[in-house]
Amino acid sequence: MRWLHFFGLTLCSTVLALYESDVGVVDWHHPLVGVPLTSSLNTPPTFHSIPGRPPTEALLLTATSSNVLACTAHLSLSDSGTAWRFIFAPTDHIIHYQQHRDIVVSLSGPGGSTLRTFDCLTGQLILEKRLHAPHTDHLESDDVGLGAAIAFIPESDDVFALTNGRTVRRIGADGAVRWAWESADKSASVVYAKLVTTPSTVYVISLTKSSTSKTLYISSLSTSTGELVASTSVPLSVAAGPSDVLALSSDAATLIPRVVWLEAGTILSVALVPDLTEKHTSVMGSAYTRIVDIGLQNKGHFVALTMNDTGRVLKLDVDKLKVIWEFTDSGKSGRHADSLYIGGLDRDGFPYIGRVFWSFVVRKASAHVYAPHLAAGQGLVSGFTFNFDTEAHGIISHVALHTAYVKEVDLLPYLALTTSTGAVQLWQGDIVQWTREEGLSRLQVAEMVELPEQKITAAHTVDERDTFVERISRQLTDAKELHLYMLNFVKRFVAGPNASTQKEIAFDSLTRDAFGFRQVIVTANDLGKVYGLDSTSGAILWNRVLGLGWAAQIGGQVIPSKLFVVRTIADGGSPEAVLVAQRRASNGLVDTVLFHVNALTGEDVLGKSPADEVLQGVDLISGPLLEAYQLPGNHKAVILLDEFRQVYVYPETPANERALAKAIGKLNVVLRTGLPGQRQLTGHQFSNADVGRPTAFATWASSLPAGEEILSVIPRPSGPVASLGKVLGNRTTLYKYLNPHLVAVTTASPDTCGVYVIDAAKGSIVYHVSIAAKQGRCDLHATFVENWLAYVYWEEEYQWVGQTKGRRLVSVELYEGSKPDDKTRSSELSSHSNKTLAVTAIEQSYIFPHAITSITTTSTKYGISTKDIIVANENGQIQSFPRLFLNPRRTKDKPTAEEQEEWLVQYDPVLPDDAHRVLSHNYHVANIRHILTAPALLESTSLVFAYGLDLFGTRVAPSGTFDVLSETFNKAQLVFTICGLAAAIMATRPMVRRKRLRERWYQ
Amino acid sequence: MSLPATTLDYVSLGTSNSKRSKLPPPPGFSELAKAQSHSKSSTAAALGSLEALKVKRAWDFAISPVKSLPMQAFMLYMSGGGVQIFSMGIVAMLLLSPFKNVSAMNTAFAPFAPGPPSSPSTKSLTTLPLQKLAYLGCNILTLALGLWKCRSMGLLPTGTGDWLAFETRGPSPEISLF
């Protein structure tokens, strides 16, 4: 055994730091900003021109569903890099942002509790101010974005902020509150929702929140002192929400601001004067069905839709509202989809109104841009169609407009489209400038799929029957490619292990590299898109939009549940993946749909949908999915449980049916049952019905205490186990407890968090620990592999002397029996055996340096390399922690000779926060939700893919790259030595021959 | 190679027909004839002492491995517990030499076999059985020393840990899906 220890020593002594030369070669990082929030008009993407710069250097600002305020780069650049982004805390929802001059002001948190000011160009945080406590009794949680508003007055950097639905503050650029005004009405029903400013007066417009009350309140405040000047109320005949009321203002001092609303088909408006004495007036003309805020309220423009949905542009004029334009043919029609109306500004602040729609006839998107001030004030409209790829990006859900190079009769519109699949596209006229797949920030499931070998090294399927002539001719054709093979070999020899970088193989065919570092990451998001990513670069190899099936008419959402690789290259042919998803139609019906794709190309394996159309799935279960599993063994069939616990198998081939029938008597599954808040785990087995589908029946149920909620169920990865035990220094063995039915469960209850290890076959609790929690918030993450459970939590309890609060990592190892050499053969025991509970848990706790958002272990092909822990911490780093330090048998005293043989090091409560072990270099890898690890062809190496807001990929070698020559290995010296020796042999061979001959003569 | 031309006539030095026979023998020189008169008994005695000597030598040889044990133990001690070329050499010697010795035992004891060297039984196993048994025991002692050293170096597969790599586990009778 000694040689093994020596082997181990060489492994451990390898320094495991990421070298700077490897950055960008072994790893990649795609910072994303998230899908723009287009549902609210307070947060959608908007363009911002920079004063004193060319008009093409505008910025695109947006707040996103990932709680990020972001600014993408200048439009003139063809790439789509992010200029800056600011990531808000998860509880601090961004509800409003507005740009003014060269700053961006945001309100975030409940009711807009926090105000932040950013530099528009650099994203530098200038000011952060808490305006009220981040909870609100005044607003309900579903009113996110309601009751908060920002306004500015020209020539000043002061911010007028309405927060919490009732407080207005004037805040200076330095953060000082100049004045604050709070509504006298403390009742919850009145919520102030809009601010209109003139240089002298701030008008605060509010609506009653309930659906029964119909009153519009307007208050006017002095901008300089904040004193209430006047207050009035306007009765409405219909209930109105905040989006039904517009407040128009204009830069022109002659135009008086007006509040506009729609009542019984008539647009009513009231002028805002400081004493609020004006009466409301109506706009003459046809009846309207809707008024649309196009983001130009402070420029005095909006769009109203007539009875047949024709869009009309209305403008604030002296004493009245004026219809200035009607978009022709914009009415309801079968030839085009509903129009999107949007306003935009150019650099000089002139407004433009755009209409974007999808034409069913030409299958293209069209845009009409109306410029009211051009053509000598007559107005100019410019229209064009553009090739929006609706099969790849879904439908357009939002448009932002910017115009540049305005001439008297021409203009160059830029459109920033946000699509239903989360893509953001910039169009310059009908030319697409860039596309950002922000849908990648919402990935739900991911799997890595190995690539097939390159053709020239692929083995032929040897046919026994081919004749001699055929064989000769085949070998001759192979020989033609010999030089390629030789070239490849030399290249590989010269290049070394890092050769498989994205630079070299980016445009190569989709084949695996020498060490299997290149794989396809098949992944899907909840916006109805499935992607194939290159694991060496993160580039999108293919992407498909998931079809809605029958729900396409009424709309719906496809939410991925699980992803299975049902065919690998080892099975021959192209690898295939099955995405199990639930489709929620807009009418509330839920179906289970399966999408079966070729993992290399994204093609529909079933051949139902062509490559350039949306991917149509198989409606397997008309109802929600309970769980989906994959059968072990060669068949790799997917089995699904519907809400009646009936079993479905996919693909529905006779072979799979037979495999299921054969295995079904032995299957155990764990389901979460019960109502929310009192869920239990219930073990199930299957009864093989003679008629109909097999059904699951309950065999055991957990008895979690009342109020204990299951946070997560963590199964063990099904990788191979290289060693069945751990050999101690005296050469006895601790046999690993490898019961294949184990599952780890984390729970939360009001005052404790729990970690359980449960035997899924019979429900016995193998290991349990409960941790003090604060108000039911469990910051608990666990990972479980082989017999090793590791969990990280926040330690709240500190009643005793010597205890502290802090983050802990606990490492638990489960061994068979009670002492070394006890063997129960746990991995092949029947679950009915009494010996399954003969288990010893050895545990040790460490102080962990960071809060984490995800934890996992590395995985390698044969499981021989050590398994390090990989975490995503809240500092935006991906960090690994070596197994050596997490051995729960670390000694309290100086290790003895025997313990040293086991590589035990003395216990140290603090886990070192080793900067060498940060895998993510100096990237800020934000908000990682999950880390996926997969084996490469090399036993030493494990591929890592982290997803969340950002995407990050790298590879790690937990035991060092023991199976690859090191980068510093002197190959030239080796070659020269061999060549030198060969030359020496050649030179001395005739000499030796001569000498021997002479010896025979002169004996 | 040619024969020498002259030969020495040692016969003329005989005692019977020479005038020099009358000469008294040198002091301390016993009468040959007298000696010849006791020849029967004295030959038997000489042969007996030779056999005793052989037996003694055989015993010496039989326990000779034990005599070198202290020396070997000292060498083992000096070579240390690490797995190095020196210690491995000594251990290999300790492990191999008993087998070599035992396999060559009959040949090694052949010179000490009773009876004339030409006797066919000299190389048989049954000659000198006690000595051979002792020799065997001593070699086992040497082997034991070598094995003890191996064990102390951790080279003997005595623990369960040494056989762990060969252990296998079958599949579980039940399957859990997650």
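In chain B, 65% of the contacts between residues at least 6 apart in sequence join residues at least 24 apart, a contact being defined by heavy atoms within 4.5 Å. The model is a predicted one, in which local features need pLDDT of at least 70 and side-chain atom pairs count only at pLDDT 80 or more, whereas totals for chains, interfaces and linings use all residues. Residues are numbered from 1 along each chain as its sequence is written, chains are lettered from A and ligands numbered from 1 in the order in which they are written, and side-chain values use heavy atoms, with hydrogens and water left out.

Chain B contains 7 helices and 1 strand; these are DSSP runs, numbered from the N terminus, with helices (H or I) of at least four residues and strands (E) of at least two. Along the sequence, the elements of chain B follow the pattern α-α-α-α-α-α-α-β. Of its 178 residues, 26% count as buried, that is, under 20% relative accessible area, with exposed meaning over 50% and partly exposed in between (1.4 Å probe, protein chains only). The accessible surface of chain B is about 12,300 Å², and carbon and sulfur atoms account for 71% of this area. Accessible areas were computed by the Shrake-Rupley method with a 1.4 Å probe; for residues, only the protein chains shown count as cover.

Helix α4 of chain B comprises the 19 residues 85-103. At 1.5 Å a residue this helix should span 27 Å, and the separation of its end C-alpha atoms, 26 Å, agrees with that value; the expected span is 1.5 Å times one less than the number of residues. A kink of about 30° is located at Leu96(B), shortly before the proline Pro98(B). The bend at a residue is the angle between axes fitted to the seven residues ending there and the seven starting there. The buried residues of α4(B) are Ser87(B), Ile90(B), Val91(B), Leu94(B), Ser97(B) and Pro98(B). An α-helix has 3.6 residues a turn, so residues three or four places apart point the same way. The packing partners of the buried residues of α4(B) are α3 (69-79) and α6 (129-152) of chain B.

Chain A has 8 helices and 63 strands. For its 1003 residues, a compact globule would have a radius of gyration near 30 Å, and the value of 34 Å for chain A agrees with this; the radius is taken over C-alpha atoms, and the globule rule is 2.2 Å times the number of residues to the power 0.38. Taken along the principal axes, the C-alpha atoms of chain A fill a box of roughly 130 × 75 × 65 Å. In chain A, 52% of the 1003 residues count as buried. Of the contacts in chain A between residues at least 6 apart in sequence, 54% join residues at least 24 apart. Chain A has an accessible surface of about 45,200 Å², with 55% belonging to carbon and sulfur atoms.

Several individual positions in chain A were examined. His398(A) lies in strand β30 (residues 396-404) and counts as buried because its relative accessibility is 9%. Residues up to four places away in sequence aside, His398(A) touches Thr38(A), Pro44(A), Pro45(A), Leu340(A), Ile342(A), Ala416(A), Leu417(A) and Thr418(A). Thr223(A), in the loop between β16 (215-222) and β17 (228-235), is likewise buried, with a relative accessible area of 5%. Its contacts beyond four places in sequence include Ile153(A), Phe160(A), Arg170(A) and Trp179(A). The C-alpha atoms of Thr223(A) and Ile153(A) are separated by 8.9 Å, although the two residues are 70 apart along the chain.

A cis peptide bond, with omega of about -5°, joins Tyr650(A) and Pro651(A), and Pro651(A) is placed in the loop between β44 (647-650) and α6 (654-663). Positive phi values in residues other than glycine occur at Trp903(A), near 65°, and at Asn927(A), near 50°. Trp903(A) is partly exposed at 32% relative accessibility, and Asn927(A) is partly exposed at 39%.

Between the chains, 24 residues of chain B are in contact with 39 residues of chain A. The two chains bury about 2,600 Å² between them, 53% of it on carbon and sulfur atoms. On the chain B side, Arg169(B), Leu177(B) and Phe178(B) lose the most area to chain A, together 33% of what that side buries. Buried area here is the accessible area (1.4 Å probe) that two parts lose on being put together, summed over both.
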